[in-house]
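Thanks for coming, everyone. Please have a look at the model on the screen, and then I'll walk you through it.

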Amino acid sequence: AVGDLVITRGAVRQEGTSDEYVREDYPAVASEEVVSALVAAAEELGHDYHVGLTMSADSFYAGQGRSGYEGFEAAGSEDLVEDLREANVKNIEMEASALLTIASVYGLRAGAVCSVYANRVTGEFRTEGESKAAETASLAVNYLARMDEVKREAGADHWHAGLSL
């Protein structure tokens with residue numbers, strides 16, 4: 001629904017930036033710790049959210065299956081949204097796959113939380129939810145700091161459900 005959040009677990013790389021860093025078959029995957037922190041934050045704040053796959057495109061119109069200038073539609077546009085839905089992709093945006101890929105290459109943690117502005121199935125569009133995403137991300141950073149502290153105390157390399165906060 002418009003206004004909900006989508007927490008990205010992984011992303012379909014339909015953008016070109018990440019191709020400059022790694023092979024095209026390299027996965028764009030969020031850090032498990034970041035996903036856990038974002039989910040915990042959204043839960044605590046009572047925000048409606050979904051966890052799943054995102055598709056990142058280079059362009060706002062053609063790459064996302066939208067009509068552009070004078071009604072131009074890129075090849076395959078008419079099937080894009082339905083094809084993504086059938087593959088259980090939750091949302092389309094423009095940055096997550098590059099951020100996740102580059103962070104992974106450099107051994108950093110990364111994740112993404114997106115606000116749903118448009119429901120491509122119903123045609124509903126409203127710019128809302130960005131404050132929920134920002135609030136969720138801020139609280140998640142606090143959770144990550146606590147996770148790091150718990151890991152240090154336990155002598156663990158990775159946070160997991162057995163290490164409580």
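First, a term: a polar contact is a pair of N or O atoms within 3.5 Å; within protein, one must be able to donate a hydrogen and the other to accept it, and residues adjacent in sequence count only if both atoms are side-chain atoms. Now the ground rules. This is a predicted model, where local features need pLDDT of at least 70, side-chain atom pairs count only at pLDDT 80 or more, and totals for chains, interfaces and linings use all residues. Residues are numbered from 1 along each chain as its sequence is written, and side-chain values use heavy atoms, with hydrogens and water left out.

Let's start at Thr8. Its side chain makes a polar contact of 2.6 Å with the side chain of Thr54. Thr8 sits in strand β1, residues 5–14. Helices (H or I, at least four residues) and strands (E, at least two) are DSSP runs, numbered from the N terminus. Is Thr8 buried or exposed? Thr8 counts as buried, because its relative accessibility is 0%. Buried means under 20% relative accessible area, exposed over 50%, and partly exposed in between, with a 1.4 Å probe and protein chains only. Contact means heavy atoms within 4.5 Å. Leaving out residues up to four places away in sequence, Thr8 touches Ala30, Val35, Gly52, Thr54, Leu100, Ala112 and Cys114.

Next, helix α1. The expected span is 1.5 Å times one less than the number of residues. At the start of α1, a side-chain oxygen of Ser31 comes within 3.2 Å of the backbone nitrogen of Glu33. The buried residues of α1 are Glu33, Val34, Val35, Ala37, Leu38, Ala41 and Ala42. Their cover includes β1, β3 (49–57), β5 (112–115) and α4 (130–154). Just after α1, Gly46 has a positive phi of about 75°.

Now α4. Its 25 residues should span 36 Å at 1.5 Å a residue, and its end C-alpha atoms are 36 Å apart, which agrees. Its buried residues include Ala133, Leu139, Tyr143, Asp148 and Lys151. The buried residues of α4 pack against β1, α1 and β5. Just after α4, Gly155 takes a positive phi of about 70°.

Two more backbone points. Most residues other than glycine have a negative phi. Glu70 is not a glycine, yet its phi is positive, about 55°. Glu70 lies in the loop between β3 and α2. At 69% relative accessibility, Glu70 counts as exposed. Asn88 also has a positive phi, near 65°. Asn88 is in the loop between α2 and β4. Asn88 counts as partly exposed, because its relative accessibility is 48%.

Last, the lining of the largest pocket. Which element supplies the largest share? β4 does, with five residues. α2 (77–86), β4 (89–93), α3 (96–105), β5 and β6 (118–119) each supply at least two residues. By type, the lining divides into 18 nonpolar, six polar and seven charged residues. Here Ala, Val, Leu, Ile, Met, Phe, Trp, Tyr, Cys and Pro count as nonpolar, Asp, Glu, Lys and Arg as charged, and the others, Gly among them, as polar.
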